[in-house]
Structures are given as structure tokens and as C-alpha cells.
Amino acid sequence: MSEFRKDPILERWVIVATNRSQRPGAFIESQPFDPTLPCPFCRGHEDETPQEVLALRDGKSASDWRVRVVPNKFPCLNLPSTSSEQQAGEEGPLRPSGITYERIDGFGAHEVIVESPRHVFSTSDLTLEELTDVFRAYKMRLARWQADGRMAYGQIFKNAGQAAGASLEHAHSQLLVTPMVPIGIANELAGAQEYYRQRDRCVFCDMICAEIGEGSRLVVETAHHIAFAPFAARLPFETWVLPKRHASHYEQIEETSLGDLAGILRELICRLEAAAGRCAYNYILHTAPLGTSAAAHYHWHIEIVPNLARTAGFELATGYYINPIAPEVAAERMRNVPESRTAE
Ligand SMILES: [Zn+2]
Ligand SMILES: [Zn+2]
Ligand SMILES: [Zn+2]
């Protein structure tokens, strides 16, 4: 049995086809990293990374930090070091045979958030205090780029495990700051705006209300946040975390909510790893663009996407995802994890 499901924000169709989970090799097993490789993110190796742009620390010594943010050593975007280096020649449209190809210089910033001085891997290995500091660092760096005024978007994401694209196993996340709003976010903003235009309500607030009422896709709920498997989940065990109270900009999160957010994400990843195995995963923070005012139609959230299923020609060809595990089944498995496997 399979069915088409439509995502109410993006109008993206997903095919839920549970028979496909029985295919051989349907799920990817996370590959271990080489333990003999040196780690530049561990305490005492601070001089092996570019100079830090932020550190949350208790003492004064270089290695006395809790969370560090450093520029990516291999950035995919850079700020020009001086204004004279900006060359007009490479910018603007090229016109070979009538077609207009647009290009602009790779302009932006690419930062790494080192989540702990200890050599740990997953969000589930972090203490609640460490993860709270990680969310505090996200808030501070987004506020920093908001104040900068030149950039349109700050995209925070995490690759955990080789299959999810991580090149180092030491727990870290990344911030990519760009002068334009990424297309995925632009589409989400447009879908949310259209929903708001038609109904005068936030689609995410409506989803929260529906998921609490219906319950089958709910995974965890805390004082300030909720985690559920979305109705049109693209991939097995995909989940979203949202603040229960409407808020469009993550960087405006109250200090007092940071610990609650750390708590729900940590518990969610523990439940994911207990239900699906210690898989590679990505999480992505979706928040309103920099330099915009509070929006009634948009609601920040974190999308957690485990790398269990391979995407292939089918997804590339059609844009449809095939999800072999219904989100209701995934949510139930994550809810049913014994408490002992979700606590520290
Ligand atoms: Zn390390
Ligand atoms: Zn909302
Ligand atoms: Zn989103």
C-alpha cells in the first residue's frame, strides 16, 4: 500500500510506500571515522583551527572554553578582506549566445560551532549544559550577522556522521551566511505567506494545534517546545521541533527557553538513536531572513533528517520523495523508547 501526501507549506508531494523498507540495503549504516586521525576540535588543539570569532568560557586560558565558534578552514564563502579586492570584472551577467547566466562573487561567511571541548560525536553525547550553550552560540552568531546588515540569511545546520556529510566526527555544527535567501527557505516563506493570506493564521501554529490534538505523530512535548514527525515526512524518522508560542526569528529566543530547547532536541536524538540505531543525521534551523521584522506567517523550527534512506534518480527526476516508513509508525517507535534510554 502506498499513498501520496502533500506538505501543506510547500505543496511538495511525498510518496509513503512502506513495502520499500524491506528492500535489501534500504537503510544506510553509519560508517565509523578513522580513530587514528588527529582532531583539531579537541581541547588543547585550539591553534589548529582559524582564530575563534566567539567562545563561551569560564576562565581566561585559551583552552578553557565550553563552546567555540571558528571560521571554517575550507569555507565555501568568504567576506572580501579589503574593499579594493572586489573586482567588478567577474560580476554581473555573461551573455554567450543570447542567454543570460547570472553570477556574483562568493560573498558571505562560513563558521563552525564546536559543541564541546570533549571528543564526542552526537547531540545525544552532549550534556544538557553543553547543548544549551550551543543554542546560545547560534543566537549570538545570528544576532551578530543581523547587526552586520550586509547579509540576507544565516543558515545553521549540523552534519552528524559521515553519511550525513560530516568530515570530522567531533560534535560540531555550521553557520553559512549568504547575501541571498536560499531557495528552500524562500519557498517555505512563500508557502507560509500564501496559507496566511487565505486563512489569516500561521500554518505552523495550525500544525502544532493539529498534532497535539491528534497525537499519532507527536514524539516529545516540553514546557516551551514540541517535536513531531510531519504529516508529509520526506524521509524515515524525519522530525521537526518548534516553539509552542509563535515566533518567526530564532535569534530572539528568550535566554530562559534555551535550556528547554536543548532538552527536547537531546531527548529527540536519544529517541531517534534508540528507535533507528545510531545513524548519521542532519538538522537544519529554519528561521526568518536577517534584516526582516517579526512575521505573523512564519514560525522558526528545526528539521531533523536522519540519513537512513538513499535518495536516487527518482527524487532527482520528479522532486517526489519516497518514504518507506509512515511518520505515524516512526513517531510511535520513538515514543515507545524506554525512559532509561532517553535520560543521561
Ligand atoms: Zn575531538
Ligand atoms: Zn506560528
Ligand atoms: Zn522548514
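View 1. His-301 and Glu-303 are both buried (under 20% relative accessible area, 1.4 Å probe, protein chains only).

**View 2. Strand S7 (residues 172-178) and its cover.** Strands are DSSP E runs of at least two residues, numbered from the N terminus. Seven of the seven residues of S7 are buried. One side carries His-172, Gln-174, Leu-176 and Thr-178, the other Ser-173, Leu-175 and Val-177.

**View 3. Pairing of S7 with S5 and S6.** Two strands pair if DSSP finds at least two bridges between them. S5 (residues 109-114) is antiparallel to S7, with six bridges; Ile-113 has Ser-173 of S7 as its bridge partner. S6 (residues 153-160) also runs antiparallel to S7, joined by five bridges, and Gln-155 stands opposite Leu-176.

**Notes.** Residues are numbered from 1 along each chain as its sequence is written, and chains are lettered from A and ligands numbered from 1 in the order in which they are written. In this predicted model local features need pLDDT of at least 70, side-chain atom pairs count only at pLDDT 80 or more, and totals for chains, interfaces and linings use all residues; side-chain values use heavy atoms, with hydrogens and water left out.

Terms used. Buried means under 20% relative accessible area, exposed over 50%, partly exposed in between (1.4 Å probe, protein chains only). Helices (H or I, at least four residues) and strands (E, at least two) are DSSP runs, numbered from the N terminus.
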